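I am opening my notebook on this one and jotting down what I look up as I go.

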Amino acid sequence: MSKQRILIKYGGNAMINPQLQQEIAAQIFKLQDAGFEVVMVHGGGPFINKALEKAAIKTQFVDGLRVTEAVAFAEIQKALIGEVNADLISLLNQNNLKAVGLSGKDARMVRAKKYQHKSSDGSLVDLGLVGEITDIDSTLINNLCQAGYIPVVACVADGADGISYNINADTFAGKLAAAVKADQLIVLTDVDGLFLNYPDPDSIIHELDEKAVQKHMGSTIQGGMIPKIQSCMLALKEGVQKAIILNGTKPEQIAGYVINHEKIGTTLTL
């Protein structure tokens with residue numbers, strides 16, 4: 001029987017707080033120890049903000065998406081691959097894991113094209129070097145997972161024209177989860193899931209299907225939660241069995257959900 005594969009989208013405070021980083025690494029060790037294959041995808045919002053600030057580059061957002069000029073992209077790529085990815089690899093390897101740092105560029109694994117963003121009034125907005133994925137070759141990830149490695153992927157990719165693009169990490173994670181035939185997609189955020197009345201713990205919506213997502217979109221589901229939920233739905237439609245939003249600031253939730261089947265977070269279904 002082949003092993004179950006889990007793709008974890010790593011983000012939020014769990015990326016910044018050293019204590020949480022260690023705990024996440026320990027959770028991933030538990031998953032691998034229990035026989036799961038693990039793939040990680042990370043963004044790096046706070047690190048990118050710091051890098052751009054240091055380089056005196058102003059950041060502009062349109063509908064929650066970062067406008068990325070060429071000069072900003074150079075800094076973003078350095079922060080994502082040279083800092084976040086490299087540090088994450090060191091951290092995981094210190095915790096008895098065999099992690100391998102990658103980006104969508106490696107072995108032409110992820111191909112992208114310029115993303116055309118439509119604003120709410122229907123007009124097209126130029127976001128600069130922001131890309132959308134056109135196709136994914138899962139060979140490299142499959143080989144690494146089967147050999148017991150943990151691929152850790154940064155969300156940049158090249159276009160057929162050789163231009164590099166920055167890609168939304170939630171969207172990247174959903175697409176990659178489908179391409180590598182992950183059984184589960186786990187999206188880590190800074191909250192316990194989707195709340196009907198935040199922060200009332202009794203109002204967590206534990207299960208959401210496509211109909212409910214449409215009903216809540218723009219009201220209960222807003223801001224940074226929109227791309228997270230959308231990427232989960234996309235992954236499910238493309239064959240991922242289960243997608244869940246968990247609290248990365250409570251790392252024990254990862255093994256709690258996967259291994260002990262605790263009823264936590266917000267699970268999405270079709």
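I began with helix 2, residues 45-54, and asked for its buried residues: they are Phe 47, Ile 48, Ala 51 and Leu 52. Looking down the axis of helix 2, I see these buried residues fall within an arc of 130 degrees, so they line one face of the helix. Please keep in mind that this is a predicted model.

On the other side of helix 2, I found Lys 50, Glu 53 and Lys 54 exposed. What do the buried residues of helix 2 pack against? I looked, and their partners are strand 4 (65-66) and helix 3 (70-94).

**Nonpolar cores**

Next I turned to the nonpolar side chains. In soluble globular proteins, such side chains tend to be buried together. Here the largest nonpolar core has 54 residues, and the members that touch the most others are Leu 185, Ile 229 and Leu 268. I picked Leu 268 and listed its contacts, leaving out residues up to four places away in sequence: Leu 208, Val 213, Ile 229, Cys 232, Met 233, Leu 236, Ala 243 and Ile 245. Apart from this core lies another, of 30 residues, including Ile 6, Ile 8, Phe 47 and Leu 92.

**Salt bridges**

How many salt bridges does a search of the whole structure find? I got 9, and I wrote up a few of them.

Arg 5 and Glu 37 meet through their side chains, at 2.9 Å from N to O. This pair links distant parts of the chain, with Arg 5 in strand 1 (residues 5-10) and Glu 37 in strand 2 (residues 37-42), 32 residues apart. Are these two buried or exposed? Both Arg 5 and Glu 37 are buried.

Lys 105 and Asp 158 form another salt bridge, their closest N and O atoms being 3.6 Å apart. Here too distant parts of the chain are linked, 53 residues apart: Lys 105 is in the loop between strand 5 (99-103) and strand 6 (110-114), and Asp 158 is in strand 11 (residues 156-159). I checked accessibility as well: Lys 105 has 25% relative accessibility, so I put it down as partly exposed. Asp 158, at 22%, also counts as partly exposed.

Glu 210 and Lys 237 are joined by a salt bridge of 2.8 Å, N to O. Glu 210 is in helix 6 (residues 210-216) and Lys 237 is in helix 7 (residues 225-237), so this pair, 27 residues apart, links distant parts of the chain. Glu 210 counts as partly exposed because its relative accessibility is 27%, whereas Lys 237, at 53%, counts as exposed. One more item for this page: salt bridges that share partners join Lys 9, Asp 170 and Lys 228 into one network.

**The second largest pocket**

Last, I went looking for open space. Rolling a probe the size of a water molecule over the atoms shows where empty space is left. The second largest pocket has a volume of about 150 Å³. Which residues line the second largest pocket? My list reads Tyr 10, Met 15, Gln 21, Phe 47, Glu 83, Val 84, Asp 87, Leu 88 and Leu 91. Helix 3 gives the most to this lining, with 5 residues.

Methods: Residues are numbered from 1 along each chain as its sequence is written. This is a predicted model: local features need pLDDT of at least 70, side-chain atom pairs count only at pLDDT 80 or more; totals for chains, interfaces and linings use all residues. Side-chain values use heavy atoms; hydrogens and water are left out. Buried means under 20% relative accessible area, exposed over 50%, partly exposed in between (1.4 Å probe, protein chains only). Helices (H or I, at least four residues) and strands (E, at least two) are DSSP runs, numbered from the N terminus. The arc is that of the directions from the helix axis to the C-beta atoms. Contact means heavy atoms within 4.5 Å. A nonpolar core is a set of buried Ala, Val, Leu, Ile, Met, Phe, Trp, Tyr and Cys residues joined through side-chain atoms within 4.5 Å. A salt bridge is a side-chain nitrogen of Lys or Arg within 4 Å of a carboxyl oxygen of Asp or Glu. On a 1 Å grid over the protein atoms alone, a cavity is a set of points where a 1.4 Å probe fits but cannot get out, and a pocket is an open set with protein on both sides within 12 Å along at least five of seven lines; lining residues have an atom within 4 Å of a point. Grid points are joined across faces, edges and corners, and a volume is the space filled by probe spheres set on the points.
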